[in-house]
Amino acid sequence: MDLEKQTAPAAELRASDADRDRFADILRDALAEGRLTAEEHAERVEGVYRAKTVGELEPYVRDLPGAHQARATPAYASAPHRPTAGAIPADPDENVVAVFSATVRKGRWRAGRRIHAYSIFGSVEIDLSEAIFEYQQVVIKAWSVFGNVEVRVPENVSLRGTGGGVFGNFEVDTLDAADPDAPVVFVDGWAVLGNIEARPKRGKLVADIRHRVHRKVEKGLRKHLDH
């Protein structure tokens, strides 16, 4: 199968940070194998992180064997459907409660491993789009009785959900992150004459993942230069 024809329809798609990170990994491997000089590597990495579309990324790796191997592998790695046994404590790190009121948790905050949300004739909003993820797995346990619970996550994390509703609505948009090290948010709960929903917030990304990749690329470059 012609790989160029296979990927051509996606050439005009906007590149995500996960896309740029995958191309940067190919360049890092090429540097380690001696296929690129340090100067070539630095120039191409700079171009990769400035690229706006998938098509603009292609030329930087077209002459490298790693590019063809990457196309043959799945773009996304499937996250676990349930948290790792023993990884999440039974007691919550934080309770978010709204009783005949509205409670919002958003902005730059540190997400714990377990968050409990209670909405009784009220509204709870948990926005993780700018949160700092100190743990890879985060569980949000939600209960809604004549209320509403909304969870928003960055679009480069994985999202899973298990729950239901009694004359209510429980809806979680399943999401798989491209980075296997990306955080996984599990939303569990029950809605009784209420609503619980979780979905990605488009355009919002976990900056920490990108920073980790940048450090990895820089470390590889320094290691090569030291030799």
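**Close-up views of a predicted model**

**View 1. Helix H2 covers residues 17–32.** This helix has 16 residues and reaches 22 Å from its first C-alpha to its last, close to the 22 Å expected at 1.5 Å a residue. The expected span is 1.5 Å times one less than the number of residues. Helices (H or I, at least four residues) and strands (E, at least two) are DSSP runs, numbered from the N terminus. The model is predicted: local features need pLDDT of at least 70, side-chain atom pairs count only at pLDDT 80 or more, and totals for chains, interfaces and linings use all residues. Residues are numbered from 1 along each chain as its sequence is written, and side-chain values use heavy atoms, without hydrogens and water.

**View 2. H2 has buried residues, and Gly34 follows the helix.** Buried means under 20% relative accessible area (1.4 Å probe, protein chains only). Among the buried residues of H2 are Phe23, Ile26, Leu27 and Leu31. Asp17 and Arg20 are buried too. Gly34 has a positive phi, near 85°.

**View 3. The largest nonpolar core has 27 residues.** Such a core is a set of buried Ala, Val, Leu, Ile, Met, Phe, Trp, Tyr and Cys residues joined through side-chain atoms within 4.5 Å. Ile126, Leu128 and Val187 are among those with the most contacts inside it. Strands S1 (94–99), S7 (137–145) and S11 (184–192) are among those that each supply at least two residues of this core. A second, separate core of twelve residues includes Ala15 and Leu64.

**View 4. Val187 touches Ile140, Val151 and Phe170, among others.** Contact means heavy atoms within 4.5 Å. Arg160 and Gly161 also touch Val187. Residues up to four places away in sequence are not counted here.

Methods
Buried < 20%, exposed > 50% of the residue type's maximum accessible area, 1.4 Å probe, protein only.
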